[in-house]
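Subject: Structure handover

Hi,

Here is the structure for your files. Please open it next to this email as you read.

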Amino acid sequence: MRKIMFVGRSEAGKTTLTQALNGGVLDYRKTQYIGHKSVVIDTPGEYAETHRLGRALALYSYEADVVGLLINAAEPYSLYPPGVTSACNRPCIGIVTKIDSPDADVPRASHWLRLAGCKKIFPVSSYTGEGIWQLLNYLAEPGDELPFANEREANAPRLVMSDKYGEIDKVGASAQRMSWAEEDARRVALEVTGPVAPEGGEHVHDEGNRS
């Protein structure tokens, strides 16, 4: 399978997509460094957001067969200037992530990626599985064994082992991702009431040092 390097700003969904492509459960971890994970080179968002660090992306692209530029479908702007793919001597594809978001605008994100120079665009959702099979088949080479038996298995909702978008049940088994409405309600509740105190305990208010 051809190796792909994911590029995109923080929260674009690079690490989550890496896990979805490999067939594993989704266990969110903030990427702290450029790492090789199976056929994916996962990069921190700060490398795409910072001019000084951005130069490293050009160097690491030589270790990839394909470069994938990621944009969150709900993103209000594009990180990529027009024609930026001309700076890379590898095929560049566009990947629109989080297409299951209620604020997703896939045509707009796809337009931005085409302006950047991407000829092929893949809309995907790591959580619902939509588009995963199509991306895997683009990367596959003759004789490759994919982590999924068929498109139906690949384009299926994933199990989540991260509390980034909701809680994990107390026995440690993987929990399904909360709906967007449930996530919003949970955030609002936390803003109003603050963190819930441990059972039998009291809230602790930090009033600062009064000495």
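First, the ground rules. This is a predicted model, in which local features need pLDDT of at least 70 and side-chain atom pairs count only at pLDDT 80 or more, while totals for chains, interfaces and linings use all residues. Residues are numbered from 1 along each chain as its sequence is written, and side-chain values use heavy atoms, with hydrogens and water left out.

Strand β1

Helices (H or I, at least four residues) and strands (E, at least two) are DSSP runs, numbered from the N terminus. β1 covers residues 4-7. In a regular strand, side chains alternate between the two faces of the sheet. In β1, Ile4 and Phe6 lie on one side, with Met5 and Val7 on the other. These four residues are all buried (under 20% relative accessible area; exposed is over 50%, partly exposed in between; 1.4 Å probe, protein chains only).

β1 has two parallel partners. Two strands pair if DSSP finds at least two bridges between them. With β3 (residues 40-42) there are 3 bridges, and Met5 is partnered with Ile41. With β4 (residues 66-72) there are 4 bridges. There, Phe6 sits opposite Gly68.

Positive phi

Most residues other than glycine have a negative phi. Glu11 has a positive phi of about 75°. Glu11 lies in the loop between β1 and α1 (14-21). Glu11 is partly exposed, at 39% relative accessible area. Lys98 also has a positive phi, about 55°. Its loop runs between β5 (92-97) and α4 (106-116).

Best wishes
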